[in-house]
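Hi,

Here is the structure I promised to pass on. Please open it first, then read my notes below.

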Amino acid sequence: LLISTTTAIIAPNTSLATVPVAYFGGNFAHRDDANIGMLAKMRIVMIEKWEGHCWQECLQQPRSPSCLPSCGVENDILSTMRRVKAVNPGTATVLYWNLSLIHI
């Protein structure tokens, strides 16, 4: 993924003034504002391949268009990250992608 030159890379907050919390996961259902608000309270948010509709639909129908790269799971991941950053720009975000799952 390309990072815009106007986008600052935010390092995780390492302060021990509060208990450090983080999120790792994905959600096939649309995240409502309450869920985004919860994620925005985390120091680090790592969104993985299960975010959005592509994987859920692909698991149900392995030959469906949702299994193709054109489904754009990355768009769902980045959308969630943008929404989190809109609430709290100080949250560090990471896109996790397990490359061993890529089938050619």
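Of the 104 residues in this protein, 26% count as buried. Keep in mind that this is a predicted model.

**Overall layout**

The secondary structure comes to 3 helices and 3 strands. Starting at the N terminus, the order of elements is β-α-β-α-α-β. Take the contacts in the protein with a separation of 6 or more: 57% of them link residues 24 or more positions apart.

**The core**

The largest nonpolar core has 13 residues. Six of them touch the most other members: Tyr23, Leu39, Val45, Ile47, Ile77 and Val84. Three elements each supply at least two core residues: helix H1 (33-40), strand E2 (44-47) and helix H3 (73-87). Which of them gives the most? H3 does, with 4 residues.

Have a look at Ile47 in particular. Leave out residues up to four places away in sequence, and Ile47 still touches Tyr23, Gly25, Arg31, Ile77, Thr80, Met81, Val94, Leu95 and Tyr96. Two of these partners, Tyr23 and Ile77, are also on the list of core residues that touch the most other members.

**H1 against H3**

Two packed helices are described by the angle between their axes and the distance between those axes. For H1 and H3, the angle is about 70° and the axes lie 9 Å apart. Angles of 65 to 115 degrees count as roughly perpendicular, so H1 and H3 are roughly perpendicular to each other. H1 passes H3 in a right-handed crossing.

Which residues meet there? From H1 they are Asp33, Ile36, Leu39 and Ala40. From H3 they are Thr80, Arg83, Val84 and Val87. By type, the residues of this contact divide into 5 nonpolar, 1 polar and 2 charged. Leu39 and Val84 take part in this contact, and both are named above among the core residues that touch the most other members.

**Glu48**

One more residue to check on screen. Glu48 is found in the loop between E2 and helix H2 (53-60). Is Glu48 buried or exposed? Its relative accessible area is 7%. Buried means under 20%, so Glu48 is buried. Setting aside neighbours within four places in sequence, Glu48 is in contact with Phe24, Gly25, Gly26, Ile77 and Tyr96.

Best wishes

Technical notes: Residues are numbered from 1 along each chain as its sequence is written. This is a predicted model: local features need pLDDT of at least 70, side-chain atom pairs count only at pLDDT 80 or more; totals for chains, interfaces and linings use all residues. Side-chain values use heavy atoms; hydrogens and water are left out. A nonpolar core is a set of buried Ala, Val, Leu, Ile, Met, Phe, Trp, Tyr and Cys residues joined through side-chain atoms within 4.5 Å. Buried means under 20% relative accessible area, exposed over 50%, partly exposed in between (1.4 Å probe, protein chains only). Contact means heavy atoms within 4.5 Å. Axes are lines fitted to C-alpha atoms, for helices over the stretch in contact, and angles run from 0 to 180 degrees between N-to-C directions. Angles under 35 degrees count as roughly parallel, over 145 as roughly antiparallel, 65 to 115 as roughly perpendicular and the rest as oblique. A crossing is left-handed if the near helix is turned anticlockwise from the far one by less than a right angle, and right-handed if clockwise. Ala, Val, Leu, Ile, Met, Phe, Trp, Tyr, Cys and Pro count as nonpolar, Asp, Glu, Lys and Arg as charged, and the others, Gly among them, as polar.
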